[in-house]
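Subject: Structure handover

Hello,

The structure is pasted below, and my notes follow it. Please read them alongside the coordinates.

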Amino acid sequence: MPALPARRPGASLEQALRQAVDRQELQVHYQPIFSLAHGRTLEVEALLRWRKDGAQVSAADFIPVAERTGLILKLGTWVLEQACRQVARWQREIAGAEHLVASVNLSGRQFQHAGLVDEIRRVLVRTGLSPEYLNLEITETVSIEDCEIASRTLRTLRDCGIRLAIDDFGTGYSSLSYLKHFPVDSLKIDRSFVCSIERDPRDAAIVQGVTALAGALGLQVTAEGIESHAQWVRLRELGCNRGQGYLYARPMTAEDLEPVLRKSLSLKAAA
Ligand code: C2E
Ligand code: MG
Ligand code: MG
């Protein structure tokens with residue numbers, strides 16, 4: 001019997017993901033980003049969810065497949081549209097949500113796509129969200145080698161009024177180069193620096209340093225992955241004023257998040 005051709009690793013996941021995209025089986029969940037001073041929600045981050053055969057597939061597993069296969073282009077536009085439409089609706093319907101921001105992850109692959117800026121503009125028009133209420137999170141997978149092209153694209157987005165954030169800040173090899181070359185508005189301090197912050201003086205020093213640097217550059221800072229009250233308190237002591245994490249709220253469906261938002265946005269002061 002002839003030997004079967006060797007299957008490429010991840011091929012079955014790729015096939016299943018293609019089917020799931022075609023059958024519209026993916027969902028967008030939302031996680032609040034909030035003021036550490038007042039507990040008021042400032043933004044919501046859109047996070048893709050895929051339920052396959054009754055079990056969640058981790059985004060850390062399927063997003064790289066989507067990136068490798070190019071599926072992320074279709075998926076990314078879909079997430080962007082869902083998030084912009086949802087936040088525009090919340091802005092209209094929830095008291096105090098007028099300035100709520102939609103935060104959407106943008107992969108390096110989307111970034112290389114020549115039509116990206118026009119696509120984003122079209123989504124904003126279709127959904128009725130003003131550009132200043134869209135924040136795009138980029139990671140250091142956006143190649144610094146293509147610095148010229150990347151910074152031109154980012155400047156065009158910025159000129160449209162869209163906000164830009166560096167996600168997972170501190171985990172790449174060129175974080176400071178990003179700050180030098182790219183016109184960003186905020187940094188998200190990676191969860192790995194937050195998880196031991198109340199015990200590890202080095203993490204505390206890193207967070208304090210990044211917060212001071214961001215302050216000097218006029219950027220906002222968000223701490224990712226806050227899971228305990230002690231971390232929240234320590235982050236505030238170190239000068240960080242925005243956060244995201246399971247302690248406050250997990251990512252959830254728009255429907256489940258709505259009452260959380262209504263409660264949070266009724267709080268008066270904002271950071
Ligand atoms: P990210 O953009 O850094 O998103 C934050 C991740 O941290 C999310 O994981 C979120 O569920 C998780 N998280 C939030 N708070 C906590 C916490 O307190 N503790 C812990 N342990 N985790 C927390 P998720 O949803 O699994 O996504 C993983 C990554 O996949 C994202 O990291 C992002 O890079 C990527 N991703 C997710 N959705 C999209 C998307 O629509 N487009 C693109 N391009 N990437 C996406
Ligand atoms: Mg993100
Ligand atoms: Mg992150």
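**Metal site**

D167 counts as buried, at 5% relative accessibility (buried means under 20% relative accessible area, exposed over 50%, partly exposed in between, with a 1.4 Å probe and protein chains only). This is a predicted model, in which local features need pLDDT of at least 70 and side-chain atom pairs pLDDT 80 or more, while totals for chains, interfaces and linings use all residues. Residues are numbered from 1 along each chain, chains are lettered from A and ligands numbered from 1 in written order, and side-chain values use heavy atoms, without hydrogens and water.

The magnesium ion (ligand 2) is coordinated by E45 (OE), N105 (OD1), E137 (OE) and D167 (OD) at 2.0 to 2.3 Å. Donors are N, O and S atoms within 2.8 Å of the metal (3.2 Å for Na, K and Ca); water is not among the atoms, so sites may look incomplete. D167 also bridges to the magnesium ion (ligand 3), 4.1 Å from ligand 2. E45 lies in strand β2 (residues 41–52) and D167 in strand β6 (residues 163–169), so the pair ties together parts 122 residues apart in sequence. Strands are DSSP runs of E, at least two residues; helices are runs of H or I, at least four. E45 is buried too, at 4%.

**Salt bridges**

The count is 19, each a side-chain nitrogen of Lys or Arg within 4 Å of a carboxyl oxygen of Asp or Glu. One of them joins E93 and R89 at 2.6 Å, N to O. These two are four residues apart in helix α3 (residues 71–93), about one helical turn. E93 is partly exposed at 40%, and R89 is partly exposed at 30%.

Regards
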